[in-house]
Amino acid sequence: MTEPSSPTAPTAARVFSGVQPSGALHLGNYLGALVKFVALQHEMECLYCVVDLHAITAWQDPKNLAAQTREIAAAYFAAGVDPAKAIVFAQSAVPEHAELAWIFNCVARLGWLDRMTQFKEKTGKHKERASVGLYTYPVLQAADILLYKATHVPVGEDQKQHLELTRDIAAKFNHDFDAPGFFPLTEALIEGPGARIMSLRDATAKMSKSDPSDQSRINLTDDADTIANKIRRAKTDPLPLPDTVEELKGRPEADNLLGIYAALAGETKAAVLARFAGQGFGQAFKPALADLLVERLSPVSAEMRRLMADPAEIDRILAAGAERARALAAPILAETKRIVGFTGG
Ligand code: AMP
Ligand code: TRP
């Protein structure tokens, strides 16, 4: 195997992202994450991880976890991630993630984690019953990213705060250990109309796996009838589609459906409005949106089903990805441990 001359030197541009194997994927994951993963693999070196260590911060039935992990990998591939280009692997297969997370647990401050809104949203009033892992979840996320000195992280808007924490951890590590520039200040790639897809039932809440109502989301595996039904029943206001994007302000349901259309079609909201302005939502827009969703998602779900029929092949691809990931991670972790002052290799 040929080694680069300095494996721990700053990376030119490297992408890292992950999705938790904690349930079925939905349109928000597809537009907020997967579509960007596919585009970036042609531009930069990319690592796409199935973050099973993160998933177990909330209870996962061991009987289902392996299948869920394979399903996320299958979704990556079905969406167009090419395992010959991008490195695709399961987080638990690269133990360096957990090792670096421990070091970062000793860098991050309690006050920083106390400010994490996702932890507060997930636990509500029952914080004392949450796992300790859920609390330090963003520290593990920072370790995922910095273990590869990743410079860019494509995510949905809900991950913005975790990416800011990642930068804070990198900066504090570099400062405390007098290692300027050792870890990069990673940039989140969030922008675009797919960054925050909202619930179809309540446009003030984001589309989410954990919403008890299945009507609130489009799952990647929904069939054409289910998609058409969900869009027909999606909440809107009684007004017709406006002429301008400005007029979508204060109309969150209308704005969300327009955003979904624009993201799927690769158009601006203004361009979409130009075709549908003045009409009621049910007239032409909702049927067109349902058709577009079916056109884009049904090949993805068909390919997912095909891939899931051969779990051994998915495991093989993930194992090969883990090996490539470890080859990048090991020298960076070794250097980190040397900087910290550990004597072990
Ligand atoms: P998760 O399912 O929480 O592991 O999220 C996987 C990826 O999907 C992350 O990059 C999230 O930011 C993104 N994501 C999740 N929900 C949404 C949403 N409603 N809109 C846009 N992106 C989302
Ligand atoms: N926290 C992310 C989410 O729920 C998943 C994740 C874990 C991640 N590690 C990451 C995303 C590293 C980007 C980079 O969506």
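The largest cavity has a volume of about 50 Å³. A cavity here is a set of points on a 1 Å grid over the protein atoms alone where a 1.4 Å probe fits but cannot get out, and lining residues have an atom within 4 Å of a point. Volume means the space filled by probe spheres set on the points, which are joined across faces, edges and corners.

This is a predicted model: local features need pLDDT of at least 70, side-chain atom pairs count only at pLDDT 80 or more, and totals for chains, interfaces and linings use all residues. Residues are numbered from 1 along each chain as its sequence is written.

Around the largest cavity sit Met116, Gln118, Phe119, Lys122, Leu134, Tyr137, Pro138 and His162. Both α6 and α7 give two or more residues to that lining; helices are DSSP runs (H or I, at least four residues) numbered from the N terminus.

In all, the search turns up two cavities of 30 Å³ or more:

| Cavity | Volume | Some lining residues |
|---|---|---|
| Largest | about 50 Å³ | including Met116 and His162 |

A pocket is an open set with protein on both sides within 12 Å along at least five of seven lines. Of its 40 lining residues, the closest to the centre are Gln20, Gln118, Asp158, Gln159 and Lys206. The largest share of the pocket lining, five residues, comes from α7.

Terms used. Chains lettered and ligands numbered in written order. Heavy atoms only, no water.
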